[in-house]
Amino acid sequence: MKNVNRRLFLKSVSALGAALATPLTSTPAQEEPSAHWYRGNLHLHTQWSDGKPFPEWVIAWYKEHGYHFICTSDHNTFQTDELRFSAWCGSCEPPKDLVPFDGETSRWKEIVDSNGWAQLNQKQIDQMREKFGNDAVKIKTVEGRTFCRLTPFDELDQQFSEPGKFLIIPGFEQTGASRDDHQVHMNFINVRNFFPYIAEENPQKTVDANFKYGQEFFKENSEPFMFTLNHPIWRFYDVDPRVLINNAGIRFFEINNNGLSYPKAESGWTPDTYWDLVNAYRVKAGQQLLLATGTDDEHSYKREAPRAWMVVRASELTFPALFQAMNQGDFYASNGLDFEEITFDRKSGTLAVKVKPLDGRKVRIDFLGTREGADLTITEVEVPAKENQPVRVMPTWSPEVGRVFQSSEGLEASYTLQSDDLYVRARITTVDEVPQFQDKEPVVPRPGAWTQPWSLLVR
């Protein structure tokens with residue numbers, strides 16, 4: 001075992017996060033008295049990468065299930081009008097004769113007989129025609145091969161977006177691995193271009209390099225863009241919390257990503273405990289809090305309804321308004337439960353929540369946080385390789401980090417910050433899930449929902 005002292009980490013945290021941290025001035029509800037709750041998902045996939053359905057089918061699916069906004073975040077690509085045949089497909093070889101494609105735009109993907117990864121077959125074609133009609137699919141057969149046109153973002157936006165009702169946000173998922181074979185995925189949201197993945201020697205340097213390059217690459221954006229660190233626990237505890245301790249400029253990460261089966265290790269952390277450790281370090285250093293999104297990272301769309309979302313309280317349904325609200329912490333993440341109300345009173349330091357009623361199921365409300373005197377020492381434990389799981393150096397830490405301050409059953413509860421509380425956040429789950437969660441089964445409680453953390457020390 002190797003002990004890593006807290007002071008060593010705090011010395012290495014950049015000054016950027018400290019500059020970004022500002023005092024909390026009021027409750028979100030007070031700042032936006034006419035705000036509305038908007039449900040959305042900022043991480044999903046379509047046939048533009050390795051999602052099964054066409055983008056039209058995917059967008060309609062979320063719209064029909066009551067979502068107000070989504071981001072079409074396909075892997076390492078953006079849905080432009082440029083004529084091409086490559087990137088994320090079962091067969092990417094363009095036809096030799098391109099004359100039949102004169103005047104055409106967008107990406108053309110070959111229709112194949114197999115059902116392999118990232119491939120397009122007749123099942124998806126039939127699915128589109130059944131929902132949108134025969135004219136919804138544009139096909140060309142050249143040299144004995146059949147290609148289908150994928151609809152670019154601007155056309156999708158024109159077809160589906162409705163001001164004040166439904167918003168499609170452009171973006172992409174930066175997908176790849178560091179050179180030491182740790183999966184490191186990130187989303188760039190509200191951007192209309194992409195840049196090649198930057199793989200450095202380890203997750204820390206890979207995240208930092210892509211984050212920094214993205215700031216420069218998208219600096220001319222007419223609107224703000226958003227960066228998230230995706231599913232740090234996948235494949236097998238790949239991006240440990242020290243990555244976000246050491247880069248306090250990163251504001252958002254995914255606490256819940258329902259497209260994946262999370263691994264479990266005896267000495268492993270959970271997304272909840274990960275989140276608390278990062279925020280304990282950040283508050284102690286006077287830096288901005290880490291906030292959490294909920295996504296479903298959907299690929300197959302085999303379920304009857306989405307299983308994860310985020311709900312933002314914003315003044316209007318535009319990305320600048322959503323982003324402003326999220327930066328203020330005025331949103332929550334969910335994979336099955338919903339809050340009816342969340343308020344934080346600056347004067348009293350009280351976080352109060354009200355849960356939407358369930359059909360006969362009891363709800364447990366936990367208020368979690370970390371206190372000033374908590375031991376933040378990180379201990380490293382080597383977990384040997386096993387079956388398909390690679391070797392990992394696993395960080396562990398004291399249970400004083402992210403402890404339950406208060407717990408109760410019911411639909412309403414509140415907690416007032418004590419003088420030595422660094423921050424507080426609320427988590428709700430059904431009562432039956434709580435014993436499983438406390439035993440680290442499952443790694444992420446289902447169904448559950450999470451408020452953002454609140455502090456009187458930093459925003």
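Histidine 43, leaving aside its neighbours within four places in sequence, is in contact (heavy atoms within 4.5 Å) with Cys71, Ser73, Glu173, Asn187, Asn230, His231, Glu254, Asn257, Thr295, Asp296, Asp297 and Glu298. This is a predicted model, in which local features need pLDDT of at least 70 and side-chain atom pairs count only at pLDDT 80 or more, whereas totals for chains, interfaces and linings use all residues. Residues are numbered from 1 along each chain as its sequence is written, and side-chain values use heavy atoms, with hydrogens and water left out.

Histidine 43 lies in the loop between β2 (36-41) and α4, where helices (H or I, at least four residues) and strands (E, at least two) are DSSP runs numbered from the N terminus. Because its relative accessibility is 0%, histidine 43 counts as buried, a term that means under 20% relative accessible area, with exposed over 50% and partly exposed in between (1.4 Å probe, protein chains only). Its side chain takes part in two polar contacts, listed below; a polar contact is a pair of N or O atoms within 3.5 Å, and within protein one must be able to donate a hydrogen and the other to accept it, while residues adjacent in sequence count only if both atoms are side-chain atoms.

| Side chain | Partner side chain | Distance |
|---|---|---|
| histidine 43 | glutamate 173 | 2.9 Å |
| histidine 43 | glutamate 254 | 2.7 Å |

Turning to the nonpolar cores, each is a set of buried Ala, Val, Leu, Ile, Met, Phe, Trp, Tyr and Cys residues joined through side-chain atoms within 4.5 Å. The largest has 71 residues, of which Leu42, Phe69, Ile169, Phe253, Val312 and Leu322 touch the most other members. Helix α9 (residues 271-284) gives the most to this core, contributing seven residues. A second, separate core of 47 residues includes Ile70, Met128, Ile168 and Val311.

For the chain as a whole, the secondary structure comes to eleven helices and 24 strands, and 57% of the 459 residues count as buried.
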